[in-house]
Number of protein chains: 2
Amino acid sequence: MSSGGPPTIVSIAERAGVSIASVSRVLNGLGARPETEDRVRRAASELGYVPNAVARSLKDGHTRQLTFAVPDIGNPVYVAMVREIQAVAKAAGYRLLLHSTDADVADELGVVRSLADRTSDGLVLVPIRITPAHVEALTAAPGPVVVIGSLPDGVPVDGVQADSVTGAELAVRHLVESGRRRIAFVNGPVDTVPGGNRGRGYRAALAACGIPYDPELVTATDFGVGAGARATARLLAARPDLDAVFCANDQLAIGAVQALHAAGRRIPRDTAVAGMDDSDLAVAAWPPLTSVDLGAGERGRRAARMLLERLAPGSGEPLPARRTTAAPRLVVRGSTSPGAAPAGSDEQEGAKSA
Amino acid sequence: MSSGGPPTIVSIAERAGVSIASVSRVLNGLGARPETEDRVRRAASELGYVPNAVARSLKDGHTRQLTFAVPDIGNPVYVAMVREIQAVAKAAGYRLLLHSTDADVADELGVVRSLADRTSDGLVLVPIRITPAHVEALTAAPGPVVVIGSLPDGVPVDGVQADSVTGAELAVRHLVESGRRRIAFVNGPVDTVPGGNRGRGYRAALAACGIPYDPELVTATDFGVGAGARATARLLAARPDLDAVFCANDQLAIGAVQALHAAGRRIPRDTAVAGMDDSDLAVAAWPPLTSVDLGAGERGRRAARMLLERLAPGSGEPLPARRTTAAPRLVVRGSTSPGAAPAGSDEQEGAKSA
DNA sequence: GGCACTCCTGTAAAGGTTTACAGCCGCTGG
DNA sequence: CCAGCGGCTGTAAACCTTTACAGGAGTGCC
């Protein structure tokens, strides 16, 4: 009986007077006699049939869903990644499952293990920090995983990295070339992946430029606008002679800009400011922020592509773990260079609003 | 045989020497003899068993997944919504499927219809515009839908709205109270939901304040920083006497700020600027932007909750369509008021960075 | 001692799809 | 005219789980 509930191939088979196998074949484009074809198609459209994706997934073992797990969905960097990943996924006919780990290590590990429940075919993970437990979980991952972040060598999992060291070097070198010498550094938490790398980048850059490292010019705090403002105010009090502030991300840099404005410093004349990530915030600031684009979107895109390659039927998945690094790019704007980036330039176009 | 592939209840049953029914019962906490219980649990953990979510979904007819479909994932307003929706979903044990419609009407309709494939249990949709086709598709929706946006009355679907009219009125009234009289308005595309409503809000607000509507002070463009800057520059050229710019969102307002800076106007002394949405961009600007919080996060949260209520087993889903409106809130900062929002205030704390 | 009852367990069906295999029919070629 | 073959079609199994139902063993009570 074609009773309640949405139509299934059984309802169609009854209505068309054929077997369910024929229905399935017609609907999947395998051969059938023209008349059979006709009757099945007619019945299907009359009933408004839509194939049940769950049943199909159960049958053929994949869901056409990818999971993207990030510490915090609100962060512009992750937003840039989500956007690209979803675009790649959509183009390939995959849906995107977005998971927020809320920067919780246990939750991150849980996501990796939950690959086993077959809810999604693969995972792109952005860990807030990488512990031995991560290495263990990733090694035993029950499905394909791509990690965005700096992964130790032995782990048999694809990885996409930013090159914070070179990125920081680009920024510091630019500041030095603009004549700055006392370059403060406002970092985020050093026990996180980004914080750790960016700190190393700053020191390496100073060394490369022949400028001695001065601990008094360096501070670590939380990532965030308010934290950046407070940290900058402290630095300013301790070392009024600083002539540039380099920040580990744009939010901190926005805070630095605010603190400098509040202290009556002119930007960039008295003090230059540079950030990292080149998020939308950079162009919102005044003057617009010079920032190092660490290729968040690019990293997302690459991660998604690598994951899809693992899922492609061709490879029996025996390809070795791959590592790739996105090249950083310095975007110079008014916060370090008086002439740069006039208002009304063409960047950041096209966003819609609700 | 317990051959290749991940362990199933069958493998466990074999190993424990019991039937699959017993395995299922033990694993779902229904009663069993202590010894049986023991053997099943031991076998399950030895094999590293994880239940197959797809099979379970097929059996009991729901996936514990929600879909959230937005025009553009990068937009801060939608980001705020995603964040809240994902939090609510996660707390209720649901996963979140994020879909970008890329502001394509056909795609929006497709998402509604695709509810029929049983991939997710419900949908939160943010349409870019609402056409008769939308009304039709929503009326025939094969599953529960909550729309964020302004929905016509007859449609049997839950809805959450922003109150742009009151929101615009708050901003305009605030500008008037600060002594402004020639208040320009930079809108986004008027054929979109937000553009249309905000335009009406501006006119209503002027009327309420007893200020005549002056078409020369009004312009519509795309949402976006560059568009805002160009539009403001045009307005400034046509009407140098304007003393405030009200923008339909923060991106436009950022653009306006840049254009005003470029024109040598001081903010807020010469010209005040106010935006809408109160996104992260507002605090990134200098001076920080006065903005109307239209409750994006709140709307997301409510939409998610309404959807979950529809899914709760208690109700046979016969509750009538509900409509709810989030109250707007004016956040005054430096762009309209000289003293407001000192640098280093506590807003926007805690974001993490990669 | 036997009956009834309880507690536990196993068998089997259901959920919707895909697909291997076998069967049927009609046609062609010898 | 018959063997054989090709083209369609139908039956049934498989994917993995949950659960209704029936059956079996043990206990308590009369």
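At what angle do the axes of helix H8 and helix H9 of chain B cross? The first legend answers this, and the other legends turn to the remaining parts of this predicted model.

**View 1. Helices H8 and H9 of chain B.**
The axes of helix H8 (residues 164-177) and helix H9 (residues 193-209) of chain B cross at roughly 45 degrees and come within 7 Å. That angle makes H8(B) oblique to H9(B). The crossing of H8(B) past H9(B) is right-handed. On the side of H8(B), the residues that meet H9(B) include B:Val165, B:Ala168, B:Val172 and B:Val176. On the side of H9(B), the residues that meet H8(B) include B:Tyr202, B:Ala205, B:Leu206 and B:Cys209. Sorted by class, this contact between H8(B) and H9(B) has 11 nonpolar, 4 polar and 4 charged residues.

**View 2. The contact between chain A and chain B.**
Chain A gives 76 residues to the contact, and chain B gives 76 residues. On the side of chain A that touches chain B, the elements giving two or more residues are helix H4 (53-60), helix H5 (76-91), strand S2 (95-100), helix H10 (225-238), helix H11 (250-262) and helix H12 (280-284) of chain A. This side of chain A has 42 nonpolar, 20 polar and 14 charged residues.

**View 3. Strand S2 of chain A beside strand S2 of chain B.**
Strands of a sheet pair through backbone hydrogen bonds, either parallel or antiparallel. Here S2(A) pairs with strand S2 (residues 95-100) of chain B in the antiparallel sense, over 3 bridges. A:Leu96 has B:Leu98 in S2(B) as its bridge partner.

**View 4. A six-stranded sheet in chain B.**
The 6 strands form an open sheet with mixed pairing, in the order S7-S6-S8-S9-S10-S12 of chain B. Strand S7 (218-220) and strand S12 (329-331) of chain B stand at the edges, and each has a single partner strand, so one side of each has no neighbour in the sheet. From one strand to the next, the twist averages 15 degrees.

**View 5. Strands S6 and S8 of chain B, with the helices that pack on the sheet.**
Strand S6 (residues 183-187) and strand S8 (residues 244-247) of chain B run parallel and are joined by 4 bridges. In one of these strands, S8(B), B:Val245 is the bridge partner of B:Ala184. Helix H10 (residues 225-238) of chain B lies across S6, S7 and S8 of chain B, and runs at about 145 degrees to S6(B). Helix H11 (residues 250-262) of chain B also packs on the sheet, where H11 touches S6, S8, strand S9 (272-276) and strand S10 (290-293) of chain B. The direction of H11 makes about 160 degrees with that of S9(B).

**View 6. The surface near DNA strand D.**
DNA strand D is surrounded by 26 residues, and the closest are A:Ala21, A:Arg33, A:Thr36, B:Thr8 and B:Ala21. Helix H2 (20-27) and H4 of chain A, together with helix H2 (20-27) and helix H4 (53-60) of chain B, are the elements that give two or more residues to this surface. H2(B) supplies the largest share, 5 residues. By class, the surface has 11 nonpolar, 9 polar and 6 charged residues.

**View 7. The surface near DNA strand C.**
Around DNA strand C there are 28 residues, of which A:Thr8, B:Ala21, B:Ala32, B:Arg33 and B:Thr36 come nearest. Two or more residues of this surface come from each of H2 and H4 of chain A and H2 and H4 of chain B. The surface near DNA strand C has 13 nonpolar, 9 polar and 6 charged residues.

Methods: Residues are numbered from 1 along each chain as its sequence is written. Chains are lettered from A and ligands numbered from 1 in the order in which they are written. This is a predicted model: local features need pLDDT of at least 70, side-chain atom pairs count only at pLDDT 80 or more; totals for chains, interfaces and linings use all residues. Axes are lines fitted to C-alpha atoms, for helices over the stretch in contact, and angles run from 0 to 180 degrees between N-to-C directions. Angles under 35 degrees count as roughly parallel, over 145 as roughly antiparallel, 65 to 115 as roughly perpendicular and the rest as oblique. A crossing is left-handed if the near helix is turned anticlockwise from the far one by less than a right angle, and right-handed if clockwise. Two residues are in contact if their C-beta atoms, placed from the backbone, lie within 7 Å. Ala, Val, Leu, Ile, Met, Phe, Trp, Tyr, Cys and Pro count as nonpolar, Asp, Glu, Lys and Arg as charged, and the others, Gly among them, as polar. Two strands pair if DSSP finds at least two bridges between them. A residue is near a molecule or strand if its C-beta atom, placed from the backbone, lies within 6 Å of it.
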